[in-house]
Amino acid sequence: MEDRELIYSIIYDCAENGAFSNLALSRRGVDDFVRAAVYGTLTYIYSIDYLLKSAAGKDASALDPEVRTILRFGVWQIVFSDKVPDYAAVNTSVDLAKRHVARATGLINAVLRKIAALTPEKRDLSSNKDPGAAFSLKPEIYGLIKKSYGKERAPSIARALLEPSPLAIRVNTHKTDLETLTGELELEGFKVTKSSYMDNALILKPSGDSPSIENSLAFKNGDFMVQGEAAQLASVIASPSEEMRILDCCAAPGGKSTHMAALTNDKAEITALDINASRVELINENAARLGFTSIEARVADSTSFDDPEGFDLVLCDAPCSGLGIMGGKPDIRLTITYDRIEETKVKQRQILDNMSRLVKPGGTLVYSTCTINRGENEDMVLGFLEDHEDYEISAFDDLLPERLKTRGADGMLTLLPDEDGCEGFFIARLRRKHG
């Protein structure tokens with residue numbers, strides 16, 4: 001029961017108190033079952049609540065927090081996990097109830113037995129017309145996906161977002177190479193495969209014999225950075241070169257800054273900004289671990305930061321709704337709302353407007369997000385261009401990996417989890433005109 005107690009406490013903290021699951025899990029040193037149970041329950045929370053309403057006869061919101069937490073974890077085990085027998089899921093949930101909310105033991109037992117009695121057809125919610133049931137999404141968020149990609153395409157994208165993207169790492173070419181790092185990781189017990197389209201990336205699958213990523217010798221030696229393939233592509237599209245003056249705003253934890261340092265042989269002048277001092281320290285830690293000296297990390301607000309000299313290249317990985325990474329960060333499903341996205345769009349435009357002032361004539365401005373909402377992506381860029389006649393789209397087909405060729409002709413690229421096998425991501429490349 002020790003693992004289940006831990007799972008219960010983390011789910012409770014995340015769903016009821018707004019805690020971040022990744023931080024809670026990293027502090028506890030958990031095993032695969034705990035991680036899968038926490039992420040799985042939070043990922044499918046709206047689908048679970050749909051099933052609970054039919055079995056309990058009331059909304060999950062009407063239940064006591066302790067009761068709905070135990071029930072949610074129990075339903076995940078019964079319906080969405082193939083590792084736990086139904087009877088074990090019911091019995092261990094009843095045991096949790098006895099410890100935390102004894103008066104509801106009978107209710108929890110009865111509800112979970114009803115769920116366990118469902119036929120496979122009734123457990124399968126994939127064709128349900130309610131997006132909360134089918135895709136574990138708030139209707140307003142599914143509506144944004146449908147508005148962006150159409151009613152025929154939206155289900156495939158929403159379904160893909162139920163699964164985390166493959167764990168990608170970027171080889172630190174400043175210290176090692178693909179073949180050498182592959183051998184080192186395999187010796188440490190990792191299953192290593194080639195990436196989908198990035199030349200210096202690998203996909204890792206930890207096994208029972210491997211350490212956690214952060215505890216691997218290769219990580220400690222600075223041989224790689226954990227970074228999604230799409231995020232890596234942003235730095236490639238930025239196309240930095242030696243001696244450039246480069247600004248990476250909203251830069252923590254430093255993935256793109258260190259990538260651009262690698263692409264420029266550590267010979268560019270890179271300023272990395274973040275508004276949070278503790279996150280700036282993360283940039284410094286990663287730069288030091290990877291062996292780069294060309295990065296100066298600074299605490300600054302990207303909506304107001306100024307620099308009289310200007311920059312040859314500005315990479316703006318803007319704060320966003322994070323809809324493209326929900327598979328790996330299920331907390332987003334709980335916290336994101338339409339109103340929050342609208343507030344975020346205001347901040348994105350403020351950052352873009354300010355960063356555009358700092359690009360030298362002839363220089364490059366790259367705008368990227370980890371969302372798939374067109375309102376934060378294409379619409380944001382087109383609106384910016386309408387108000388900034390000194391900027392124009394800069395095509396980047398020639399910079400793309402072979403698999404993605406021809407998709408950057410209009411200077412914008414959206415990667416989607418169902419067809420590209422990575423996190424949802426958007427990248428636009430703009431050029432500031434001379435004169």
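**Rings and charges in a predicted model**

Reader: Does Phe33 count as buried, partly exposed or exposed?
Author: The relative accessibility of Phe33 is 22%. Buried means under 20% relative accessible area, exposed means over 50%, and partly exposed lies in between (1.4 Å probe, protein chains only). Phe33 therefore counts as partly exposed.

Reader: What kind of model is this?
Author: Residues are numbered from 1 along each chain as its sequence is written, and side-chain values use heavy atoms, leaving out hydrogens and water. Local features need pLDDT of at least 70, side-chain atom pairs count only at pLDDT 80 or more, and totals for chains, interfaces and linings use all residues, as this is a predicted model.

Reader: How many aromatic pairs does the structure hold?
Author: Rings of Phe, Tyr and Trp (its six-membered ring) pair if their centres lie within 6.5 Å. Planes under 30 degrees apart count as stacked, over 60 as edge-to-face and the rest as tilted. The number of aromatic pairs in the structure is seven.

Reader: Is the pair of Phe33 and Trp76 stacked, edge-to-face or tilted?
Author: The ring centres of Phe33 and Trp76 are 6.5 Å apart. Their planes stand at 50 degrees, so the pair is tilted.

Reader: How many residues apart are Phe33 and Trp76?
Author: Helices here are DSSP runs (H or I) of at least four residues, strands (E) of at least two, numbered from the N terminus. Phe33 is in helix H3 (residues 32-43) and Trp76 in helix H5 (residues 65-80). The pair links distant parts of the chain, and the separation is 43 residues.

Reader: Is Trp76 buried or exposed?
Author: Trp76 has 6% relative accessibility. Trp76 therefore counts as buried.

Reader: Which residue forms an aromatic pair with Tyr44?
Author: The pair is stacked, at 4.2 Å centre to centre and 20 degrees between the planes. Tyr44 lies in the loop between H3 and helix H4 (45-56), and its partner is in helix H5, so the pair ties together parts 36 residues apart in sequence. The partner of Tyr44 is Phe80.

Reader: How many salt bridges does a search of the whole structure find?
Author: A salt bridge is a side-chain nitrogen of Lys or Arg within 4 Å of a carboxyl oxygen of Asp or Glu. One of them joins Arg374 and Glu378, with the closest N and O atoms 3.0 Å apart. The whole structure has 24.
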